[in-house]
Every structure is written in structure tokens, then in C-alpha cells.
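Here is a short report on a protein chain and its ligand. Look through the sequence and the structure, then read on.

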Amino acid sequence: MRPSPGFVSSSRTDAIAHQVRQARSAVYWSENTPAPGSRPSLIGDHTADLVIIGGGFTGLWAALQAIEEHPGRTIHVIEAETAGHGASSRNGGFCEASLTHGLLNGLSHWPDENAILDRMGQDNLEALLSDLDRHRIDAAVEVTGTMSVATKPWQVDDLAEYAGIVREHGHHINLLNATETRRELNSPTYLAGAVEPGGAAMVDPAKLVVGLAQTVLDLGVVISERSRVTTVDDAGTVLTVRTSGGSVAAPRVLVATNAWAEPEPKIRRYVIPIYDHVLMTQPLSAAQMAAIGWQARCGVSDWANQFHYYRLTEDDRILWGGFDANYYRGNGMGPQYEQRIDSHITIAGHFFDTFPQLEGLGFSHRWAGPIGTTSKFTAAFGHAHRRRLVWVAGYTGLGVGASRWGARVGLDLVDGKSTERTELKMVRRKPLRFPPEPIRNPLIQFTRRQIARADANHGAPGPWLRLLEAFGVGFDS
Ligand SMILES: Cc1cc2nc3c(=O)[nH]c(=O)nc-3n(C[C@H](O)[C@H](O)[C@H](O)COP(=O)(O)OP(=O)(O)OC[C@H]3O[C@@H](n4cnc5c(N)ncnc54)[C@H](O)[C@@H]3O)c2cc1C
């Protein structure tokens, strides 16, 4: 007798839930490449030419570029936990040229600046890769490009339209039919694909963080870890950055705390924390790799509004993330939000829907991380204390590459320089503010439901999403 569909589906869900529960609640990248040792906390009173608050990609790229520009400068990075503790070692490792969370988002907000932003993004990616070579930072870089896939009929036309726009803007893109897409990567869910061979590399984010931190230390930058900055006091010509154990006085301060939006309270108006969930599989066997193909090893994402992103690691595991972007009331952040098992089980189900030939493959790790997002999905820039303090935050889900550029802009601003970068509208004008709590949470949860509804309705946005779009506001991961 054939089992009833209900029986099949619940036993499959149970099996998947069981597999997810077997995974370690830990970040694969940082377990695989731990930092060589912890650095001292900030104790006592110090001075510096520049203080950088936050030791993720933005803080570390800022330290590197600042010390290379002025080798004599004294620079102090102050990190609340350990370098890379935030999004920077928890991400998918898609290191893309785009500074604008993709071409379409850039065109919708800054159509007249798009060519400049596009060029700056390409230059930034090239410079980032050349910095890694020059400083011998092994971030397990694979220059693979990316592939977008359509898994629903409405996405096929959308992808074709996108390919036309990409070509109009001078970039190479190959539009594939279902058979051609499945030849690149074999999933029965694929209806079409678009391969963009340039403009993206896959990196190991923890190796990148560890390498950057070691490089700046070797160049004379001081890093204090386990030192949460609580306040910045303004004493006229210097700002005093305080932690519970000590302080650093400096004429310039760059805040690179992204989703945390600390210690400058104004950042929270523009940047909110969204938790994005990730699974890492066990390494695939040769037979499993043969069953899916993926010879080009490109990073993949699907074309839904609530999208998944996935890629291979050096040892042929699959990192699978996205879809569920969770906001918690009151800008909730902390380890309690990192192990939301329901989200992990949901995306594990999607994994096996995508690759049924891998049924039974186990997951080794599961984790989540805080994405700092703005209503334009791109970095925002701000200042306080007569521009002696500058902040940069909010790359949404595309900050691995863009954070190097964001750091560069932040340094220009804090040094009072007027450059092509600082004159951009994207830099000068802030995104719309998110409403404060208690309105923020219900509005975001309502918007999330509308996004899910749009996906279920052939991608068509309802009145609420259309209204937000008209105001240039969005919610994404
Ligand atoms: C799950 C996930 C997947 C992602 N995938 C991708 C991807 O594939 N490609 C991509 O381009 N982007 C991706 N992103 C986004 C990308 O990781 C981030 O945009 C980028 O890492 C931001 O770097 P950052 O240094 O600005 O912030 P963070 O790395 O978050 O660093 C901020 C640091 O500030 C510290 N801090 C906070 N408060 C204080 C304080 N008061 N005092 C001192 N220090 C403080 C934190 O501990 C943290 O280390 C992803 C993000 C997540 C969470």
C-alpha cells in the first residue's frame, strides 16, 4: 500500500529535523580557522590618532587602508568580542563587486550614479584581491562568478529581463534554459539560469578576518578584544572612547559596529539587525558531487524575494543560507537568536527539495548572524561630534566586498577629505529611517508576510510592498 502523502511528508520532515539537530550549533568557518590567540582587552588610558570601534571587515579594512596611507599613524581597533565575531565570519563568503546590493537596487536608487558606483565596485573588488595577494592573506579565494536560478515560472521572465539590463550596462551574462542550467548544477527545480562569470569571488570569511587582523597587527595597529565601547565623550579637540576597563583618546573615531549600531545612538534610526540562518553540510563524496555537477563552482542564488544562497567550500561541503530573515522586537540581538531551529529545519527542507539526489546528506554546522540592513539595502554613512566621529553600517547581505569600500569612504569622511566617493548621493544622503519601536516590529513582521505572499503570488507585490517601493523603502537580507 502506498503511504498517504501526509505520512510521507511528516516522516520526511522528522528525518530532516533529526539531521538538523545533529549539526553542531557553531560557525563552521571560525571553527575551521580559529584566530591564533585572543588579544588583550583594553586596560588603562591610552591615546591614538584614530580609533576604530568594531573589528569586523569594515573595521579591519579601515585599519589596513589607514595605516598603509599614513604608516606613522597610531591606530587602535576596539572590538567588543573577538575580531570577526559579528557578520564578518558568519557569512556566505560571496565577495561581489556590487556596492549597491546588486545592479537593480543600485539603478532604482541612484540611476544617475550607477556607472560610477559600478566602476568603483569593480575597482574595489580588484583592489581587494590584489591586497590579499600583496599581504599573502590566504582567504581560499575562488573567482567563480555567480549564477541566479529561476525555480518558478514567473522568475523565468524576470531573469531574462534582468539579463537584458545587465548587458545594457556592459556586463557579461549568459542566459540559460532549464537543461543548460541543470548542466551547470543539477536540480530538478531549475527552470532557467543566468551566469555572470565576472564580478564575484567566493572567499572563506574567517580566513579573511584572521589574515586581515594579523596583517594590521604586523603593520603596528593595536587591537583590543573583549572590550565593548560604552561611551564616546567629547572633550573638544579629542574624543575619549571608553570601555569598562579603559579609554582611548583620539581626534578621530570611525564606528564600524554594523548591526549593533553602537555606541552612536543615531545609527539605530537607519540600521536594524536581521538574523540570517546558515547550514553547512558534511563534505560531499565524489559520487554526490557527480550527482549534482557544479563543475564551475559558482555561487548560486534563486530569484525569489525570499531567496536562498549556496556555494561550495574548499572541501566540497555546501553552505546553504538565506530565506528566513528574522527581526526581533526592540532590535533584539544576542546568542539566543542564533539557533532558531525552526528556521534551520525550514531551509534544510528547501535544500533537499533542491537536491533530492543528496537525500541523507548530513549537516555539520548550523548558525545565524546579524545582518545590518538599511531601507535601501546599502551602507549608510553618518557623523557626530563635529565630524570627528563617522559611522558606516548597513550593507545588508552584500558587505563582504563592499565593506572594504565602505571603510575607504569612512576614512575619507573622518579625515575631512572631499573625494569622488564622498560626493556621491549614496554617501551624502541617508536612507529613510525605520520607524521607532513599538511600531517597528509589527511593521517589519507585516512586511515580511507581504513578501512571502508576493512569492506565492507569482512574485507580484501587493499594495503595501508597492507603497514601500514608491517611497524607495524595502526589507531584505
Ligand atoms: C548569515 C550571513 C550571511 C551573509 N552572507 C554574505 C555574503 O555571502 N556576501 C556578502 O557580501 N555579505 C554577506 N553578509 C553580510 C556581511 O557579512 C556583512 O555586511 C559584513 O561582514 C559587515 O562587516 P562589518 O565589519 O561592517 O560588520 P560586523 O562583521 O558585524 O562587525 C561589527 C563588529 O562590531 C563589534 N561591536 C559591536 N558593538 C561594539 C561596541 N560597542 N564596541 C566594540 N565593538 C563592537 C561586533 O562585535 C562586531 O565584531 C552576510 C551576513 C550574515 C549575517
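A polar backbone atom of A87 sits 3.1 Å from an oxygen atom of the ligand. That is a polar contact: a pair of N or O atoms within 3.5 Å. S88 uses its side chain: a polar atom there is 2.5 Å from an oxygen atom of the ligand. At G399, a polar backbone atom lies 2.9 Å from a ligand oxygen atom.

The protein buries 99% of the 1000 Å² that the ligand exposes when taken alone. Such areas come from the Shrake-Rupley method with a 1.4 Å probe.

This is a predicted model: local features need pLDDT of at least 70, side-chain atom pairs count only at pLDDT 80 or more, and totals for chains, interfaces and linings use all residues. Residues are numbered from 1 along each chain as its sequence is written, and side-chain values use heavy atoms, leaving out hydrogens and water.

## The shell around the ligand

How many residues surround the ligand? There are 37, and the closest are T58, E79, S88, E262 and V400. A residue is near if one of its heavy atoms lies within 4 Å.

Two or more shell residues come from each of α3 (57-69), β15 (272-281) and β19 (363-373). β19 gives the most, with three residues. Helices (H or I, at least four residues) and strands (E, at least two) are DSSP runs, numbered from the N terminus.

## The whole chain

The protein chain has 15 helices and 21 strands. Its C-alpha trace spans about 80 × 45 × 45 Å along the principal axes. Of its 477 residues, 58% are buried, meaning under 20% relative accessible area (1.4 Å probe, protein chains only).

Technical notes:
Polar contact = N/O pair within 3.5 Å; in protein donor to acceptor, adjacent residues only side chain to side chain. Buried < 20%, exposed > 50% of the residue type's maximum accessible area, 1.4 Å probe, protein only.
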